[in-house]
Each structure stands twice: as C-alpha cells, then as structure tokens.
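Welcome! Here is a short tour of the model, going from one residue to the whole chain.

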Amino acid sequence: LVSACQRNGNWRPAMALLSEMHRETVVRDVITYGSAMGAFGQGGQWTQTLELFWAMRRDIILPDIHTYGAVINACDRGGQWQFALDLLDDLRTTLNPDLVTYGATIAACKTAGRWREAL
C-alpha cells in the first residue's frame, strides 16, 4: 500500500499507514520506508522525508541505494542542495553512488544555482 502512495505522491496516506504500522507493531523495512520517502518527496515534503530517513536509521534499518535516491530527490524538490551533498557523502561511506543518486545531487545543486558544488 505504501508503494501505491509513492507512485501517486500521496504522502498523507503514506504517513497514516506508517503510523498505523507503528501502533500495531508491524515491522517496517527499508522498502516500506523508501516507498514512504518517495511519496513524501513527490508530494513536496522534503522535511518529512529527511525525518523518515533519520527515523529509519534510529530503527537500525540500513538505507539502500533507492532510499538515498528518494531522499536526495526530495532535497532537490525542496531546494536543499546542502543536505543533498551531505547525503551523498554519507552514502559513499557504505555504498557506491549510482547514476540516479549522482544525478539527483547534481540536480539539487543546479536548482539552487550552486553548479560549482555539483562539480
């Protein structure tokens, strides 16, 4: 269900589903968090996307390349180029960035007019 919310950018139902999962003690995994972050990001909710990212880390769920892509895309949509660069640096400590994460980070810098940082 959370994945369906992601496809449509319906972040409110995604948030409700995550909250219900928490109340019912349903285990949330990297796919659930990543889908919710995608929905939040597409819905223009970059702050909530970052909050979910850090909540996932607190729950000791390691982000995958798709999770990083979702949160960096949300930073691009929110004009948060510095967070995007920080996330790319964080990603590099555990995984190899791919074209999507590099592209999203470059886009975030470009959107903010910070093309030099993208280099």
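A residue counts as buried when its relative accessible area is under 20%. Gln45 has a relative accessible area of 17%, so Gln45 is buried in this predicted model.

Where does Gln45 lie? Gln45 sits in the loop that links helix 3 (30-42) to helix 4 (46-58). The side chain of Gln45 reaches the backbone oxygen of Gly43, at 3.4 Å. Leaving aside residues up to four places away in sequence, Gln45 touches Trp11 and Phe40.

Now let's step back to the whole protein. The protein has 8 helices and 0 strands, and from the N terminus on its elements run α-α-α-α-α-α-α-α. With a radius of gyration of 14 Å, close to the 14 Å that the globule rule gives for 119 residues, the protein is as compact as a globular protein of that length. The C-alpha trace spans about 45 × 25 × 20 Å along its principal axes.

A few overall percentages are handy to keep together:

| Property of the protein | Value |
|---|---|
| Residues that count as buried, of 119 residues | 40% |
| Share of contacts with a separation of 6 or more that join residues 24 or more positions apart | 58% |

As for charge, the protein carries 11 positive and 12 negative side chains. The centres of these two sets lie 6 Å apart.

Notes:
Residues are numbered from 1 along each chain as its sequence is written. This is a predicted model: local features need pLDDT of at least 70, side-chain atom pairs count only at pLDDT 80 or more; totals for chains, interfaces and linings use all residues. Side-chain values use heavy atoms; hydrogens and water are left out. Helices (H or I, at least four residues) and strands (E, at least two) are DSSP runs, numbered from the N terminus. Buried means under 20% relative accessible area, exposed over 50%, partly exposed in between (1.4 Å probe, protein chains only). A polar contact is a pair of N or O atoms within 3.5 Å; within protein, one must be able to donate a hydrogen and the other to accept it, and residues adjacent in sequence count only if both atoms are side-chain atoms. Contact means heavy atoms within 4.5 Å. The radius of gyration is taken over C-alpha atoms; the globule rule is 2.2 Å times the number of residues to the power 0.38. Lys and Arg count as positive and Asp and Glu as negative; His and the chain ends are not counted. The place of a charge is taken as NZ of Lys, CZ of Arg, CG of Asp or CD of Glu.
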